[in-house]
Amino acid sequence: MARVGVFVCFCGANIADYVDVPQVVEEVKRIKEVKFATEYKYMCSDPGQGMIRDAIVQNKLTSIVVAACSPRMHEKTFRKALSDAGMNPYLLEVANIREHSSWVHQKDKKAATEKAMDLCRMAVAKSIANEQLHEISVPVTKRALVIGGGIAGIQAALDIADARIPVVLVERSPSIGGKMAQLDETFPTLDCAQCILTPKMVDVASHPYIELIPYSEVIELQGFVGNYKVRIKKKASYVNFKTCTGCGACWQKCPVKVPNEYNMGIDKRKAIYTPFPQAVPNKPVIDAEHCTMLTKGKCGICAKVCDKGSIDYTMQDEIIEREIGAVVVATGYDMWDPKPYEEYGVGRFKDIITSLEFERMVSANGPTNGVPIRPSDGKVPKNVVFIKCVGSRDEAKGIEYCSKICCMYTTKHTILLHHKVHDSHAYVFYMDIRAAGKGYEEFVKKAQVDTGTTYLRGRVSKIYKKGDKLMVRGEDAQLGQVVEVEADMVVLATAVSAPKDNPDLARLLGISYDKYGYLSEAHPKLRPVETAKAGIFLAGCTQAPKDIPETVSQASACAAKVCGLFAGDTMKKDPMVSTINNEYCSGCQNCVKVCPYGAIVTDDVPIGHGSKELRTVAKINEGVCQGCGSCVAICRSMAINLAGFTDPQIINEIVSI
Amino acid sequence: MKKLTYFPGCSAHGTSEEFDSTLKLVLKTLDVELEDIPDWNCCGATSAHVMTENLAYALPMRNLVLAEKLENTTMGIACASCYQRMKVTKVHMDENPELAQRINTTVVEEGTYKGTVDVKSMLQYFYEDIGVETIRGKVTKSLAGLKVACYYGCLLTRPKNITKFDSPEYPVSMDQICEALGATATEFDYKTECCGASFSISNTEVVLNLSGQILAMAKESGAHAIVVACPLCQSNLDMRQPDIEKQQGVKYDIPVFYITQLMALAFGNPVDQLKFPKHIVPVEGALANIGKIDPVPQKVKKPIKAVEAESEVE
Amino acid sequence: MNYTKQIQDIASQLFAEGKIDVFVGYRLNGFDDNQVPVLIKDPQDVHKLVFTDKSVFNLVNYLKTDHTRRKRVGLVVKGCDSRSLNLMLTENQVKRENIYVVGICCEGVTDDAGQKMQNCVDCMVPDAVVSDELLGTASGADTLTYKMNADVAALSNIPLTERAAYFEEVFENCIRCNACRHSCPLCYCAKCCIDQETATLYNGANTTSAAFHALMTWSLHLAGRCVDCRNCEKACPSHLPLHLLHKQNESVIFENFQEHLAGVIPEDRGAFYKYSLKDPDDFIM
Amino acid sequence: MEAEVKDQLVSIEKPELIAPPNWEPVIMGILCNWCSYAGSDLTGTSRIQYPPNIRIIRVPCSSRVDPWFLIKSLQTTADGVLVSGCHPGDCHYISGNYFARRRFLVTKKLLNFVGFHENRIQFSWVSAAEGPKFAKVVNKVTEDIKKLGPLHLYKKENFEKK
Amino acid sequence: MITLGTQGKNTFLADVNKKSGANVLECYQCGKCVGTCPVSQYMDFPPREIMQMIKLGLRNESYMANSHWFCLTCSACSGRCPREIDIPAVMEAVRHLAIEENYINDSTKVKEIRKFHEIFLAMIKRYGRNYELRMMAEFNIRTRNLFKDMHLAPKALLKGKIPLGVKPLKSAKAIKRMYELAEKLEKNK
């Protein structure tokens, strides 16, 4: 026979003013299972909790109901009180008589009191069906996987590794560095990107706790938090990294020329190449698509000139596996392709370039030795028009959101242009200047004053060609007049967009992504680095556009989360998970289909007692189950139940009033 | 032989008679038979939608309803203005059956609107239903040497969600057809800028300015001639050209062809059927670039049609 | 429609080749021209097999028995039966390699009075959708245009009060014998939820509300799975119009979620085990 | 409208069982923990008032709601039910509410088919931020069910004598 | 100076949105329409400013502006509008509202434009089709500018560009009836 204790809280005046608490206590005492009922001013206070502890011991109670505020508020507090009294904490039920009664029925004390009684009856009834539950302990593999080797991935990997936790860093391209390695100087301080990034890249390569796996992709993730198993495809590089010294003889002699991705295709690289001089690892790979030895079986020069014999044309893709406990996703962003802007003649006019192309041109190690030139005739441009929000804030042709960084990098570009071409003049077509950030507005002001750049408020309407000039027409809304700028070159501040492979990656990892393709955080404010899947975290632009300082902060936050996760040898997990009654399970596996986490697998059990014949039933993986109950509701045989929300508990609630 | 329902539009019997007649020559070569909509009426462009909403739908709807009585599923329209009004009406009616029902009450005598006939501009019909390659195959007199600026105007490709044809900013269908005829299409950035359209009569100043810019850009692109598929564009660019030249103090001397005139020419039709003398700006200079063709007649062969007495003036 | 000869030949052949342990078919009941299911284990008995338009029962139901579970079975299925077989396969209740399916392109079966059954008149999928061997000529029927059940339509159009009264009488006449459940091929649970203690306040109680609860739960468990074979109705001693509940659910599902019937597509589970982002949302505040 | 409802009330619920004076309906509210329950808490913390007829049951997700919770509620204690979950796309458990949505539609239509007024079975999406919406929803459901009167269909006590 | 906050609810915005099917509130004043519009230089207020005026509820000012009369419905603006606002529909809505509410802009240009359209519609009403020269002539008579474009006339006539023949369509009666019904619809909306 159940012995229930009921504790009704006044919550100062919050409950007592609108609910007749003593009457509620009297009413619940009439329920036959209730052996103890009392009231107190603040149940959550120390004396209040003391009352619960004492009553449990004195009255040999088997379950507890606290009628107070929302369980979302103090359920944990009261569970602890039960534990302290030696009782299983999950024998607690909270009747929410504050948020659900006293606060919302302030004009009708009688009704509020009656409702509070009903809520107590329901909680009592439910608590009678409560079972002892125990937190689930899951062992942890203390190794983290970082996907993506841009500044976000580099920072996260370094921070985790510095805490002496092994890190596997997987990068798709032949070198880490990401987009930041392509930048010239960075706003608002005009630090040289290479100067601050390359030391970190070298640190990654030499860190004893980091295993760098370049030129590779994650192809499968199995398991659950603390116990993931990842499969990684190492793409064939056709170069033996163990023996290669990175001397460069191969790519100097390679006869095949291919547009250079690192320089946005402005110049050419070879078919065997290192992406850029400071690449980490500084070992070349062969671009199988263009290498004539691999495509046509003709050439083989690189193998001839390599005195280490590191070239191996027969190399195959390789699949490797690693056991890991947590994942940091840092796949960065793509530059949005401005092709839909037909009114600007994108694709027709060579002298319209994107901001990243401009960045490469003005970069000291860039294809034009740091001087911007017109792609059409190689002349140095004098009048340069920068157009902001190309693709951003444009739901018609591009993306709805603000890309956040374009205002600042365009400001930077006007300075760089001014530095590199002294007699140039910059025109910026803008809609707003969004310079929210430390030192950002000051940077914009200084740039405007120092460079004398002409700012025109308006979206450009059309660009057309007149002679060898580009005529840029738009409204200057401040003047209220249409203006035309005769430009030598136009730079489009193209939007930041989600990596186009993000949806595939998200499906592979079992996390969600938004309509743009950015990976979704668990909570936009309070859990911005976690995903809804335990043990998977997000760093950098893969979650949303952000600048370098923000990216680095988020990466470090991810590292802190990973370190926290790995603080103990095991992880504690809520016991509210599904359980399967094998006897009733008919093995239809519909639950497998509806489980959003892949937490249900199949298991073969004997068909009867002692039988050798097997039948298939469902099996819950407690570590993965998040306790949603989808499987419970669709199980026709009622073979599944969800601890804490079992059918008897809910039925008791329904029929108790 | 293909069949096509044909809506000529008022100007086919007026200012753009040469468009209409050369279109018929071209379709003869392409083995397409035209079926005029019996008893068609003016589509209302460009005034109906300016002044009232319902009439702007009702006028085209009557034609659509009449067209549905014919067997063909496609209606071809020569005039770009008519095409746009008809297409807008069709799209809006198909999207909003309630509105269709309401507008239908005004022409209920003609029948019920069903939405079974698709509306295409002749350019679209050439490009999508005939195909550039078929057109290339019919060419007997290549136009090689002639550089043309293809001018589409506002209405053939815009608004995009209505026309669903080619690009609203830099269309290429007419360029491709011209290239198929052997001509060279220049890179012309004013393909879809407005010529001033209906302001031709009521607000001439605007037309002179806008059409003037188009002529200037066409000249800039190196074109010998402009090619259009819209009577309004043609009259603004051709008929107003002397005025524009006078106003700007520039001599353009750039003839404005209908695409069908060039097609008919390339298909080997005798020059005297192409109504070149109707042009205000002489075409000889431009056509000289394609080498020797039959001499362009200097005079209109037939006298002007007798003018019917019309004394009544309100 | 008479495939007696062919089925006897096939069964004999299967036994001769040692491909099956048991053949599930129909035989005459012995006193009139109606038929009953028969499990043939002895090749000598093959001559008992018949198949005509009196072969009404859905034999897939007999795959639930100990005589057939984990055995190699020869089985005759009509269009509707084959759909339930498809679902049994999808839901891992039978292994395809264990069954030899004789599919029929069904021309409709008749009731005691010799009238074509209503579900056969409305049948959208007369041809067996899964078979090793198909008898008859495929009808090429349109499986995509839903035929609304006339009874459901009629009931939907009468005032709520009358409908409520009608169904009260239906549920009042239920005697809770569970014949419907036993006759349904898709009710294969080890222990039915209705019989579980937690499930209901009315375990076994013979009351209208208990019957209501049981039949509602049952029909919802068959929603998106019922193939309209009407085994349940044939089995019901009270002659309850059980198809009304199933057809009601079927029409809602067909209209809103999927444009095909249950069990028509292999590997397709019922409508409740998948979802679409485009599912109707306007009934939710 | 009013007359129609009255009419139904009289004949469905049997004349002798028409609402007694001062009758108040009981509404069973089944709310998902992450959105709607949190939203109802917000209604409380914002002190937005709503009728006291609803009794709230907390479940982790709307997908936990088995249709027979609704049938059971209507057969025992409740005159109407309200199930509320996260908005489509916002489910804490990724896809739970999509599965639930399908079951809800079929269940609602089925119950309506066998004689329950459709307003007795209602659903809503209420996010954790929609405190005011929760109050609005409860207001509407309570009003709807008050109009329909007490529910007596298939209530255990009425048929036990059989 | 314009004083805001005194007019109460912005009914003008609601009227325009309802009539046009667009949502003017989506406009974020980027000005792309203005640079695009071929006639913005002739307008009292270019499209962007009209959008702002609608947002501010400036009904009279919007009606009296010549902008909506100058709009050529070339749809270039809406094709480029980053918020995909149907600007020509908004212009049309303002114009139709102004006509319905009998706002007369008596600048010569607007009067001429309006007259042109009225003549055009009257012509179709009578004949079912449009006859250009007749219309030109009538327009010139009505606007008391008899010699406008006269320098074109001989040349055009000579070249057969502008025929003079006018005969009513068989179905002119049906058209007339359509006019009446459409007018009735307009009133009963």
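**Figure 1. Chain pairs with and without contact.** Chain B and chain C do not touch, and their nearest C-alpha atoms are 20 Å apart. Two residues are in contact if their C-beta atoms, placed from the backbone, lie within 7 Å. Chain D and chain E also have no contact, with their closest C-alpha atoms 24 Å apart. Of the six pairs of chains that touch, chains B and E have the most contacts. This is a predicted model, in which local features need pLDDT of at least 70, side-chain atom pairs count only at pLDDT 80 or more, and totals for chains, interfaces and linings use all residues. Residues are numbered from 1 along each chain as its sequence is written, while chains are lettered from A and ligands numbered from 1 in the order in which they are written.

**Figure 2. The contact between chains E and B.** Chain E contributes 51 residues and chain B contributes 51 residues. On the side of chain E that touches chain B, at least two residues each come from α6 (76–80), α7 (87–100), α8 (108–127), α9 (132–142), α10 (152–158) and α11 (172–188) of chain E. Helices (H or I, at least four residues) and strands (E, at least two) are DSSP runs, numbered from the N terminus. This side of chain E holds 29 nonpolar, 11 polar and 11 charged residues. Ala, Val, Leu, Ile, Met, Phe, Trp, Tyr, Cys and Pro count as nonpolar, Asp, Glu, Lys and Arg as charged, and the others, Gly among them, as polar.

Figure 3. Five strands form an open sheet in the order β10-β7-β6-β18-β29 (chain A), with parallel pairing; two strands pair if DSSP finds at least two bridges between them. At the edges stand β10 (210–213) and β29 (536–538) of chain A, each with a single partner strand, so one side of each has no neighbour in the sheet. From one strand to the next, the twist averages 20°. Strand β6 (residues 144–147) of chain A pairs with strand β7 (residues 167–170) of chain A in the parallel sense over four bridges, and Val146(A) stands opposite Leu169(A) in β7(A). Helix α16 (residues 548–565) of chain A lies across β6, β18 (326–329) and β29 of chain A, at about 175° to β18(A). Axes are lines fitted to C-alpha atoms, for helices over the stretch in contact, and angles run from 0 to 180 degrees between N-to-C directions.

**Figure 4. Helix α13 of chain A.** The 15 residues of helix α13 (residues 406–420) of chain A should span 21 Å at 1.5 Å a residue, and the end C-alpha atoms are 20 Å apart, which agrees. The expected span is 1.5 Å times one less than the number of residues in the helix. In α13(A), 12 of the 15 residues are buried, among them Cys406(A), Met408(A), His413(A) and Leu417(A). A residue is buried if 20 or more other C-beta atoms lie within 10 Å of its own, exposed if 12 or fewer, and partly exposed in between, with C-beta atoms placed from the backbone. The buried residues of α13(A) pack against several elements of chain A, including α12 (355–362), β21 (383–390) and α14 (440–451).

Figure 5. Strand β1 (residues 2–7) of chain B runs parallel to strand β3 (residues 74–77) of chain B, joined by three bridges. Tyr6(B) has Gly76(B) in β3(B) as its bridge partner. Four bridges in the parallel sense pair β3(B) with strand β4 (residues 118–121) of chain B, where Lys120(B) is the bridge partner of Gly76(B). Thr116(B) lies in the loop between α5 (97–104) and β4 of chain B. Thr116(B) is exposed because 9 other C-beta atoms lie within 10 Å. Not counting residues up to four places away in sequence, Thr116(B) touches Glu68(B) and Thr73(B).
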